[in-house]
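User: Please take me through this structure one feature at a time, giving the general idea before the case.

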Amino acid sequence: MLRILGKIHRIGIVTEPIPTIDESALTEVGEQLRDHVGEQFGGSLAIREVDAGSCNGCELEIQALNNSYYSIERFGVHFVASPRHADMLLVTGPVSRHMEAALRSVYDATPEPKLVIAVGRCGADGGEFGTSYASRGAVSNVIPVDGIIYGCPPTPLDLMRGILQAIAKRQQYSTDNQADKIA
Ligand code: SF4
C-alpha cells in the first residue's frame, strides 16, 4: 500500500488536463437553440440518434450533450427512443452495409416534416472508412440529408451549433416559401 502511495506521489497526475470550454459560447448557442425550438417545435425538439456504423467516437460526444454540464434538455432538446416520435435524425456514419436497410427503415418511420443531420467526417463522406464492400460511406448515399456537422469527432458545442443551423435554415426556408405564396 505504501509502495503504491509512494508511486502516486512520485508520478503525480498523468491524465490530460481538462480542456477549457467556452462557457459564454455555450450559453449563447443554447439560448438561440431554445428560441428556435420554442418557435418551431412548441418548445420541444425530439431527436433520434442513429449509429449507422461509427467507431463510437461521435456517439461519446453526442452522449455528452445529456451530461450535467451541457444538459441540452434545458434548451428543449430531447433524445427519444423511437423514430416515430422524432423531429430530427442525427446519424453517424459511415453507413455500414449491415445498417443500410435499418437506416432506411428508421428514415421511413420518422414522420414528416423531418430533418436529417449527418454527424462527423464519416457521416459526411465516409471518412477513414470510405466506400467499400462493407461500407456505403456518407449518410447521404443512403437517405436524404439536410445538414452536416463536421469533425472527428465534433465537440458537443459543434453539435449544438449544427442542430441550431439546421433548424434555423428550415425556418428561413418556410418563411421564404410563405412569402413566395403571398407574392
Ligand atoms: S468521424 Fe471520427 S469519431 Fe466519428 S465515427 Fe468517424 S472516425 Fe469515429
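Analyst: Two strands pair if DSSP finds at least two bridges between them. Strands are DSSP runs of E, at least two residues, and helices are runs of H or I, at least four, numbered from the N terminus. The model is predicted, so local features need pLDDT of at least 70 and side-chain atom pairs pLDDT 80 or more, while totals for chains, interfaces and linings use all residues. Residues are numbered from 1 along each chain as its sequence is written.

User: How many helices and strands does the chain have?

Analyst: The chain has 6 helices and 7 strands. In sequence order, they follow the pattern α-α-β-α-β-β-β-α-β-α-β-β-α. The C-alpha trace spans about 80 × 45 × 25 Å along its principal axes.

User: How do I read the sheet, and in what order do its strands lie?

Analyst: Strands of a sheet pair through backbone hydrogen bonds, either parallel or antiparallel. Here, 5 strands form an open sheet in the order β2-β1-β3-β5-β7, and the pairing is parallel. β2 (77-79) and β7 (147-149) are the edge strands, each pairing on one side only. From one strand to the next, the twist averages 30 degrees, an angle between lines fitted to C-alpha atoms, in N-to-C directions, on a scale from 0 to 180 degrees.

User: Which residues stand opposite each other in neighbouring strands?

Analyst: Take the pairs of strands in turn. β1 and β3 are parallel and share 5 bridges; aspartate 51 has threonine 92 of β3 as its bridge partner. β3 and β5 are also parallel, over 5 bridges, and leucine 89 has valine 116 of β5 as its partner. Strand β5 (residues 115-119) runs parallel to β7 and is joined to it by 3 bridges. There, alanine 118 stands opposite isoleucine 148 in β7.

User: Is β3 enclosed or open to the outside?

Analyst: In a regular strand the side chains alternate between the two faces of the sheet. Burial goes by the number of other C-beta atoms, placed from the backbone, within 10 Å of a residue's own: 20 or more is buried, 12 or fewer exposed, and in between partly exposed. β3 is largely enclosed by the rest of the structure, because 5 of its 5 residues are buried. Met88, Leu90 and Thr92 cover one side, Leu89 and Val91 the other. Over the whole chain of 183 residues, 36% count as buried.

User: Which helix packs on the sheet, and which of its residues are buried?

Analyst: Helix α3 (residues 57-64) packs on the sheet and touches β1 (45-51), β3 (88-92) and β5; contact requires C-beta atoms, placed from the backbone, within 7 Å. The direction of α3 makes about 145 degrees with that of β3. Cys58, Glu61 and Ile62 of α3 are buried. They lie on the same side of α3, because they cover an arc of only 100 degrees around the axis, taken from the directions from the axis to the C-beta atoms. An α-helix has 3.6 residues a turn, so residues three or four places apart point the same way.

User: Which residues are around the ligand?

Analyst: A residue is counted if its C-beta atom, placed from the backbone, lies within 6 Å. The shell includes Ser54, Cys55, Gly57, Cys58, Thr92, Gly120, Arg121, Cys122 and Cys152. α3 and α5 (120-125) each supply at least two of the shell residues, and the largest share, 3 residues, comes from α5.

User: Which residues have a positive phi without being glycine, and are they buried or exposed?

Analyst: Asparagine 56 has phi near 85 degrees and lies in the loop between β1 and α3. Asparagine 56 is exposed, with 11 other C-beta atoms within 10 Å. Serine 71, with a positive phi of about 40 degrees, is in the loop between α3 and β2. Serine 71 is partly exposed, with 13 C-beta neighbours inside 10 Å.

Terms used
Contact = placed C-beta atoms within 7 Å.
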